[in-house]
Amino acid sequence: MAKISTIGVLTSGGDAPGMNAAIRAVTRAAIYEGWKVMGIYRGYEGLINDDIIEFTSASVSNTIQRGGTILKTARSKEFMTEEGRAKAYENIKKHGIDALIVIGGNGSLAGAQILAQEYDIPCIGLPGTIDNDLYGTDYTIGYDTALNTIVECVDKIRDTATSHDRIFFVEVMGRDAGFLTQNSAIASGAEAAIIPEDMSNIDQLANFIGRGIRKSKNSSIVLVSESPKVGNGGAMYYAERVRKEYPQYDVRVTILGHLQRGGKPSAFDRIIASRMGAASITALKEGQRNVMVGISRDEIVYIPFSRAIKYAKPVAKELIDVLAVLSI
Ligand code: F6P
């Protein structure tokens, strides 16, 4: 195993609260080992364009509580090409980077996997995404904060929904995963959640209306994933259907959008980001490569990129059942 003396760290894909806590942990744990840390700006774009500077312990001072990412982020199209990755590797060599820590979601870790295959550079991934959709880890960095943000918003929406006796369809992020939608529905006492994982052919809207919710309640909140499998997607689709099929109901839509990605990270996100960041350096010391650091049953685990990216992480049926029972 080649000796490591310099690492590079980058954030890639959608920003997530807690990414700064992860950058801080990676930086400080590496410096603690006597290693040099290179901060790479704007994800893989920065690797390609040589947007790289040395990070000291002070570079990450006063950042643990800040949302977003001090390293900035991007979704790099050029890195998807062989030429782009060749340029990136040139800069890795130029700065003497022996290993790379990538903080990001599915696409970002897939990028790390390809780079590691093509250029024999050890890569360690940290799951940084509000979507919580990476296999092998119970939580991703940013998920808990986003969940709390959504619940806070839905609490506010409920005030106006109740006052006007309305049905609100609230659209929640999560790309193709329903964790944010399902769990924020439970936590906010929503009447229903429509998530992409529900592959049954049941018309979820008819199901919700048919349950006679309006008989016992004068207002309802339905959380809808941004890309449910049924219909053509999103809260607008369901609201339109209600307007046409059940015109007796007064319907409104709120799309929470990118406010779900912002804000100070929760204590929970700061803690898991700190633990995972430190663990990424331990992983390198142990000779691990091309794995994602995760937390399972409150213990640090390493999951090969191939599994973390490829395998689907199911939303537990129990969560679906709990919401159905508690929303009567
Ligand atoms: O992966 C995080 C995420 O916020 C998803 O929930 C969402 O689908 C996507 O990023 C939005 O990406 P962008 O900020 O590029 O529009």
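1. The crossing of helices H1 and H10 is right-handed, a term that applies when the near helix is turned clockwise from the far one by less than a right angle. The axes of H1 (residues 19-32) and H10 (residues 267-285) come within 7 Å and cross at roughly 35 degrees. Axes here are lines fitted to C-alpha atoms, for helices over the stretch in contact, with angles from 0 to 180 degrees between N-to-C directions. Helices are DSSP runs (H or I, at least four residues) and strands are E runs of at least two, numbered from the N terminus.

2. The model is predicted: local features need pLDDT of at least 70 and side-chain atom pairs count only at pLDDT 80 or more, while totals for chains, interfaces and linings use all residues. Residues are numbered from 1 along each chain as its sequence is written, and side-chain values use heavy atoms, with hydrogens and water left out.

3. On the H1 side, the contact with H10 is made by Ala 21, Ala 22, Ala 25, Val 26, Ala 29 and Ala 30. H10 contributes Arg 270, Ala 273, Ser 274, Gly 277, Ala 278, Ser 280 and Ile 281. Contact means heavy atoms within 4.5 Å. By class, the residues of this contact are nine nonpolar, three polar and one charged; Ala, Val, Leu, Ile, Met, Phe, Trp, Tyr, Cys and Pro count as nonpolar, Asp, Glu, Lys and Arg as charged, and the others, Gly among them, as polar.

4. Ala 22, in helix H1, is buried, with a relative accessible area of 0%. Buried means under 20% relative accessible area, exposed over 50%, and partly exposed in between (1.4 Å probe, protein chains only). Not counting residues up to four places away in sequence, Ala 22 touches Ile 103, Leu 126, Ile 141, Ala 273 and Gly 277.

5. Phe 268 belongs to helix H10 and is partly exposed, at 34% relative accessible area. Beyond four places in sequence, Phe 268 touches Tyr 139 and Asp 144.

6. Helix H6 (residues 179-188) has eight of its ten residues buried, so it is largely enclosed by the rest of the structure. The buried residues are Phe 179, Leu 180, Thr 181, Gln 182, Asn 183, Ser 184, Ala 185 and Ser 188. They pack against helices H5 (143-164) and H12 (317-326) and against strands S6 (167-172), S7 (192-194) and S8 (220-225). Gly 189 follows H6 and has a positive phi, near 70 degrees.

7. Asn 91 lies in helix H3 (residues 82-94) and is buried, with a relative accessible area of 9%. A polar atom of the Asn 91 side chain is 2.7 Å from the backbone oxygen of Leu 47. Asn 91 touches Leu 47, Ile 48, Asn 49, Asp 50 and Ile 52, not counting residues up to four places away in sequence.

8. The ligand is surrounded by Arg 75, Thr 129, Ile 130, Asp 131, Met 173, Gly 174, Arg 175, Glu 226, His 258 and Arg 261, with a heavy-atom cut-off of 4 Å. A polar side-chain atom of Arg 75 lies 2.8 Å from a ligand oxygen atom. A side-chain N or O atom of His 258 is 2.8 Å from an oxygen atom of the ligand, and for a side-chain N or O atom of Arg 261 the distance to a ligand oxygen atom is 2.8 Å.

How values were computed:
A polar contact is a pair of N or O atoms within 3.5 Å; within protein, one must be able to donate a hydrogen and the other to accept it, and residues adjacent in sequence count only if both atoms are side-chain atoms.
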